[in-house]
Amino acid sequence: MEATMRLPLLQTAYLYLRTMIPVLAIWHLVARSVGNPVLLPGPLEVGQAVVALFGSHELLGNALTSLRRILLGYGLALGVGMVLGILMGLSDTIHDLIDPVIELLRPISGIAWIPLALLIFGVGDQLTVFIIFYGSLFAVIVNTLAGVRGCDPQLIQAARTFGASRWVVLTQVVLPAALPTVLVGARVGMGLAWMSLVAAELVGAPTGLGFAVEWYRELLMTPKVVAVIVVIGVLGYLTDRVLRDIRRRLTPWSAGQAAGV
């Protein structure tokens, strides 16, 4: 059993290394040709910067702060987005009331709200959490709505024929059928949450990974700038892997419908 579980992990590690080694080699050659680590540090300089940052606990503190903000903003977006998406999917009246507002706000980037949010919330957690919430909310709403509306009407009719109540139809038929699409929206929302976090922390927070990027840029510590960016990418990848695993566990029947999603 353990050998069976280790095999996919080894395959994943092999594929990752096979992809990254050429990228690192090209990066190293380009950095050597530039010849200025302030303009473009190589992978060795960035690796040393990562070790130095972890050794001084600078990176760990900023990473934990950013993760806390992600959990708050993304968690709120997930809860509110799923509730609104379900209500809009079940009721045409609610859909017609809310959909124009969503379609008006959805094209507006969360970054556009940062100047106004600075006036309302000031510098700190509230601004960052709001931008994360706004940035990831609409992906959750749209995918939840699509999942609920995409439920097979014949399944609902069959449940009603057997005397199922509305609550049973919702919890035992509609939501399980919508869950794969909802979880895809959760993954998209998480990616948008990370992008929103970095944008908000660059200008509206005295701590966090986005703040660290701007701080080291001002000090011309480019290897540390790239090191923090790499850490952001790794954390985003890990959170996405968690959501993928949750999707596989909760909706094993949909694994073959969207390979790699």
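Let's start with a question: which residues does Trp194 touch, not counting residues up to four places away in sequence? Trp194 touches Leu67, Ile70, Leu209, Ile232, Leu235, Gly236 and Thr239, where contact means heavy atoms within 4.5 Å.

Quick housekeeping before I go on. This is a predicted model, where local features need pLDDT of at least 70, side-chain atom pairs count only at pLDDT 80 or more, and totals for chains, interfaces and linings use all residues. Residues are numbered from 1 along each chain as its sequence is written, and side-chain values use heavy atoms, with hydrogens and water left out.

Okay, the overall picture. We have ten helices and zero strands, with helices being DSSP runs of H or I of at least four residues, strands being E runs of at least two, and the numbering going from the N terminus. The C-alpha trace spans about 75 × 55 × 30 Å along its principal axes. Of the 261 residues in the chain, 37% count as buried; buried is under 20% relative accessible area, exposed is over 50%, and partly exposed is in between, with a 1.4 Å probe and protein chains only. Take the contacts between residues at least 6 apart in sequence, and 72% of them join residues at least 24 apart.

Back to Trp194, then. Trp194 is among the residues with the most contacts inside the largest nonpolar core, along with Ile70, Tyr74, Leu209, Val228 and Ile232, and that core has 27 residues. By nonpolar core I mean a set of buried Ala, Val, Leu, Ile, Met, Phe, Trp, Tyr and Cys residues joined through side-chain atoms within 4.5 Å. The elements giving two or more residues to this core are H2 (43–55), H3 (58–90), H8, H9 (209–218) and H10 (222–250). H10 gives the most, with eight residues. There's also a second, separate core of eleven residues, which includes Cys151, Ala159, Val173 and Ala178.

Next, a helix pair. How do H7 and H8 cross? The axes of H7 (residues 153–161) and H8 (residues 166–204) come within 10 Å and cross at roughly 145°; axes here are lines fitted to C-alpha atoms over the stretch in contact, with angles running from 0 to 180 degrees between N-to-C directions. From H7 the contact uses Leu155, Ile156, Ala159 and Arg160, and from H8 it uses Val169, Val173 and Val174.

Now Thr144, in helix H6 (residues 125–149). Is Thr144 buried or exposed? Thr144 counts as buried, because its relative accessibility is 1%. A polar atom of the Thr144 side chain lies 2.7 Å from the backbone oxygen of Val140. Leaving aside neighbours within four places in sequence, Thr144 is in contact with Gly81, Met82, Gly85, Ile86 and Val182.

Last stop, the H9 end of things. Trp215 sits in helix H9 and is partly exposed, at 41% relative accessible area. The C-alpha atoms of Trp215 and Val203 are separated by 10 Å, and these two are twelve residues apart along the chain. Then comes Leu220, in the loop between H9 and H10. Most residues other than glycine have a negative phi. Leu220, which is not a glycine, has a positive phi of about 60°. Leu220 counts as exposed, because its relative accessibility is 58%.

That's my tour, so over to you.

Technical notes
A polar contact is a pair of N or O atoms within 3.5 Å; within protein, one must be able to donate a hydrogen and the other to accept it, and residues adjacent in sequence count only if both atoms are side-chain atoms.
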